[in-house]
Amino acid sequence: MQAIIVTQPGDPSVLQLQERPTPQPGEGEVLISVKAAGVNRPDIAQRKGHYPAPPGAPADIPGLEVAGVVAACGKGVTKWKEGDEICALLPGGGYATHAIAHQDVCLPVPAGCTMAEAASFPETVFTVWHNVVERGQLKPGEKLLVHGGSSGIGVTAIQIAKAMGATIFATAGTAEKCEACEALGAERCINYNNEDFEEVLAGVGMDVVLDMIGGSYFQKNLQLMNTDGRIVFINAMKGAEAALNIIDIMRRRLTITGSTLRNREIAFKAKLAEAVKANVWPFIEQKLFKPVIYQHFPLKEAAAAHQLLESSTHIGKIVLVNEA
């Protein structure tokens with residue numbers, strides 16, 4: 001097979017297309033002929049040497065989400081057969097023409113979606129559902145603040161929360177990005193380069209905040225929270241350390257939590273896949289949640305895809321496609 005290899009930690013130029021042996025599916029696994037693969041910030045962290053693959057995953061092939069066709073089934077596979085069109089959450093190895101996934105973390109390609117669109121879902125949808133709904137306990141009628149609203153995670157969180165009946169606010173870095181967030185369902189998106197979101201949203205009161213920024217946003221988030229509010233961290237792009245007033249947390253009964261997904265066990269991901277299929281796939285099929293793909297790149301141009309993602313000029317997802 002062909003695969004994009006991280007030849008050494010570094011800038012996007014270290015991503016090189018190479019030939020590798022096609023992997024064989026083990027117990028409970030399927031071999032996917034990959035048609036498209038989503039590009040995500042954890043892939044950049046892996047490329048830089050900051051986010052190693054978990055045991056059992058390809059150590060030097062990034063890629064956490066794919067869509068394609070089942071090419072072979074390992075022993076004990078009962079959910080899928082050769083020829084099925086699926087998308088899957090992976091621990092790694094998605095930037096390739098073939099990838100291995102456990103049968104329990106695969107989902108059918110949603111009706112009406114292309115392979116590229118389906119590949120844009122697993123990593124972001126699993127992440128948003130677990131963090132906003134399961135950990136953040138977002139309920140219809142509540143208010144959600146999404147930082148990085150125009151990112152792949154952001155456009156997913158806005159749409160899922162909107163479909164659930166929540167009121168969404170967001171932050172983004174340009175007027176165009178803010179307009180996109182509001183078109184997807186945000187009540188108001190604040191351009192953080194022109195306005196202070198804490199000042200703009202003062203008095204509104206947030207029930208849940210989804211934060212991938214960290215740093216100075218932490219105190220601002222705290223000031224905006226309603227009693228019993230929940231702040232959920234999925235990254236800390238602007239800093240991992242912050243001070244807090246414990247008494248204030250106690251007084252307002254705030255919950256501060258967060259998670260990473262890649263290293264979780266298959267049983268956890270399988271349960272999450274069931275929840276996503278039951279709750280989010282109907283949103284997609286009812287057109288309440290649509291894929292937002294900014295640009296496609298051929299697999300061999302993965303370095304260019306990473307350059308675009310790191311520029312933060314995109315809105316939505318970036319996807320690699322296999323032309324063969």
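Tutor: Buried means under 20% relative accessible area, exposed means over 50%, and partly exposed is in between (1.4 Å probe, protein chains only). This is a predicted model, in which local features need pLDDT of at least 70 and side-chain atom pairs count only at pLDDT 80 or more, while totals for chains, interfaces and linings use all residues. Residues are numbered from 1 along each chain as its sequence is written, and side-chain values use heavy atoms, with hydrogens and water left out.

Student: Where does lysine 79 fall on that scale?

Tutor: Lysine 79 is partly exposed, at a relative accessible area of 46%.

Student: How many salt bridges does the whole structure hold?

Tutor: Side chains of opposite charge can pair when their charged atoms come close. A salt bridge requires a side-chain nitrogen of Lys or Arg within 4 Å of a carboxyl oxygen of Asp or Glu, and a search of the whole structure finds 14. One of them joins aspartate 104 to lysine 79, at 2.8 Å from N to O. Aspartate 104 lies in the loop between strand 6 (98–102) and strand 7 (106–108), and lysine 79 in the loop between strand 4 (65–73) and strand 5 (85–89), so the pair ties together parts 25 residues apart in sequence. Here strands (E, at least two residues) and helices (H or I, at least four) are DSSP runs, numbered from the N terminus.

Student: Which residue pairs with aspartate 196?

Tutor: Lysine 220 does, with the closest N and O atoms 2.8 Å apart. Aspartate 196 is itself partly exposed, with a relative accessible area of 23%.
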